[in-house]
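Here is a short briefing on a two-chain model. Look at the sequence and structure, then read the points below.

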Amino acid sequence: MTDGRLPSRLDGIARKLNGPNTLGNSKAFWLAFAVGMVGMIAYPLVRGSYAAGQTSLFLVYGLLALSLSLIWGYTGILSFGQVAFFGIAGYTYAIVSLNLGGAFGQTVALPVAVGVATLAAFVLGYFMFYGGVKNVYVAILTLVVTLVLETFMAQTAGSEWAIGSVQLGGFNGIPGIRNFALGVEGASFSLSGSGFYWFVLTLLLVAYLGSRILVNSRFGYTLVAIREDAERTTMLGYNVKRVKLAVFTLSGALAGLSGVLYATWGNYMDPSVFTIVFATIPIVWVTLGGRESLLGGIVGTIIIERLRLWFSVNASEFAIVFVGVILMTTVLLVPRGILPGIRDGYVFFSEHGIRKGIERGRGTIQTRIQARLESVGVGGSETETPPSSEAVRE
Amino acid sequence: MTTGFGAAGMLTPLVIGDVLGALDSVGVPIPQLLQMADNIAFIALAAIGLTIIFGMMGVINLAHGEFIMMGAYITTLSVNVASIPLPVAMLLGALGTAVFGAIVERTIVRRLYGRLLDSMIVTFGLGLILTQGTRIIFGNSLQSIGTPFGNVPGYTYSGYRVLLLFAAIAVLGAVYLVFTRTEFGVQARATIQDPETARAMGVDTDRMYTITFAIGSGLAGLTGALYAPSATIVPGMGQSFLVESFVTVVTGGSSVLLGTALAGGILGTINAIFSNLYGNFIGQIALLITAIIVIRLLPDGLTGLAATIREKIGERQ
């Protein structure tokens, strides 16, 4: 993209979009991306408004996946709490929009809800990162916070649990959230079906491109440095705690935006978003797609959600089993996820040519099988050693 | 309900009743005390299996709740279906879960040593499969086997729940003995401290990891077995142990016994006080806030505090 034929401003943007921290910096990638986008934009025209409305949920979830990619894939902080911010924003949106009523209420409720989720992420992040909480402890604390929120929201069935005119409703949640609308009374437009689809697609595209610019900036390099070695990054003079807090807050905001869209998509909000199963799902998307790639999470989301939809229609009780199996097999067999896997394959074959590539691939597989056989013969794994708990603490 | 605990089991609640009566007469608030004991026992038992696996191997087993559920299921099914006496059924629950844990270590966890977050995710996936698999096979709930012993004489408090405090103490004591006084314990700790040297000294480190993981799983199963008579037996029951057990690991730090005992005591007391005053939810919130405060002040958890105190005493001498 930087061949000088583009106007200089576009050229500058292109330069910012590309970098070592994202997969797909080549012309071929952007071409495929553009074709994919055209397909996505045309989808409602081909499949109709209803299908587009259904599919827009996947895009809403894509924002949630993107938020997890940023915090986990790029900064190395595993957060089970993205659904907490997702849920907090959804609930806030429901409460504010239903209290204010009308299109104006909904327009106001969006920034308020995202703001509340961002604040929640900031407060939790402040206590964790400035409190020296690291590694697995972040994962545990975010999970515990989410589960505690579930306990809280599930017991709000009584009539004393009302904010303004809105009952929190316990397990049943808050029904009657209206489709998203922008504008003021008399001059507003409501979004549903295709309109909502395009709206979400635009937000997702902006969020994706924005995240690309972010991770390829100096800030993004710092994130990756923290992921690779937080202590060394501190030694080099970076304020690791502040950077962690910043990215945690940002990803909380993204998750919050996703939560608002979820609430308007389904027209209700209930505590199931805080359950342990829902907390796992974003991790499954991102693991499958490839966590160190922004697009990976989104692709993983669409694949998994498509399959989950199939399961919920055909064999609903096996849906969760399937999610668990996908999670385990991906981590064990394709630890980096499918998108980085495809990229590696592409690079491999384009470097070696197809015939040579296949030969080399065969060679690699043979050596691997041999190594495996030898290791079985010797009686196990010589190099696999768990770190001592002290090392883990650090 | 036949208890199968024999004469000792019949006697214990009576003895406890006498002791409580004596305490009551000197003005000790018995109901609160019982509640606290119950909470401490619950937290210590919920966490012990998790802390062993984490403290010794550095692996967070997110299927911990499901291991507890498995212990409870094996126990309940043994009693309901095979009419096995309750104590034997509990033993089966612990052993069955330990065997399952050993298989999981051999086939899955082993591949992920050194990839801490990945092992968390995989065990999480395993937990989902176990919960839903149990639901598919056994349905939404099992018939409960009922709580033995009845109430503590003179109080509306289940005698069995009081016994669980003694069970918790016994389990912690047994863990202490196994890891400090046996050949296996020494080898296991050597493996944790310095696997290379341990191997050079002839310790089969792979076996140590498997056994340690199996013990941790077995204790989770035992916890499930112990709570089987007084809990609702549903596939998702493991979740009710999750918050408490993880908070305990975070608060306690990496020392298995000391951390669990201290954190269990402190968190159990706090939980009892806040649950009594403001209900279950505030009790959990109090646990969470305590955990965050403890980590803020003591990055290595209560274990770290204990180590510092020990060092200071050593210096003085």
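A crossing counts as left-handed if the near helix is turned anticlockwise from the far one by less than a right angle, and as right-handed if clockwise. By that rule, α6(A) passes α10(B) in a left-handed crossing. This is a predicted model, in which local features need pLDDT of at least 70, side-chain atom pairs count only at pLDDT 80 or more, and totals for chains, interfaces and linings use all residues. Residues are numbered from 1 along each chain as its sequence is written, while chains are lettered from A and ligands numbered from 1 in the order in which they are written.

**The helix pair**

- Helix α6 (residues 135-154) of chain A packs against helix α10 (residues 239-252) of chain B at an angle of about 150 degrees.
- Their axes lie 10 Å apart. Axes are lines fitted to C-alpha atoms, for helices over the stretch in contact, and angles run from 0 to 180 degrees between N-to-C directions.
- From α6(A), the contact uses A:Y137, A:I140, A:L141, A:L143, A:V144, A:L147 and A:V148. From α10(B) come B:L242, B:V243, B:F246, B:V247 and B:V250.
- Two residues are in contact if their C-beta atoms, placed from the backbone, lie within 7 Å.
- By class, this contact has 12 nonpolar residues, no polar and no charged.
- Ala, Val, Leu, Ile, Met, Phe, Trp, Tyr, Cys and Pro count as nonpolar; Asp, Glu, Lys and Arg as charged; the others, Gly among them, as polar.

**The whole interface**

- Across the interface, 45 residues of chain A are in contact with 44 residues of chain B.
- On the chain A side, α6, α11 (276-289), α13 (319-333) and α16 each supply at least two residues.
- The largest share, 13 residues, comes from α6(A).
- The side of chain A that touches chain B has 29 nonpolar, 13 polar and 3 charged residues.

**Chain A: fold and record**

- Chain A has 16 helices and 4 strands. Helices (H or I, at least four residues) and strands (E, at least two) are DSSP runs, numbered from the N terminus.
- The C-alpha trace of chain A spans about 70 × 55 × 50 Å along its principal axes.
- An unreviewed UniProt entry places "transmembrane region" features in chain A, including residues 28-46, 108-130 and 136-154. Such annotations may be inferred rather than shown by experiment.
- Residues 28-46 of chain A are 100% helix, and their end C-alpha atoms lie 26 Å apart.
- Residues 108-130 of chain A are 96% helix, with end C-alpha atoms 32 Å apart.

**Confidence**

- The model scores ipTM 0.76 and pTM 0.79.
- pLDDT is the predictor's confidence in each residue, from 0 to 100. Chain A has a mean pLDDT of 82, and chain B averages 81.
- In chain A, confidence is lowest in helix α16 (residues 389-393), at a mean of 42, and highest in helix α10 (residues 240-266), at 93.
- Over residues 378-394 of chain A the pLDDT is below 50.
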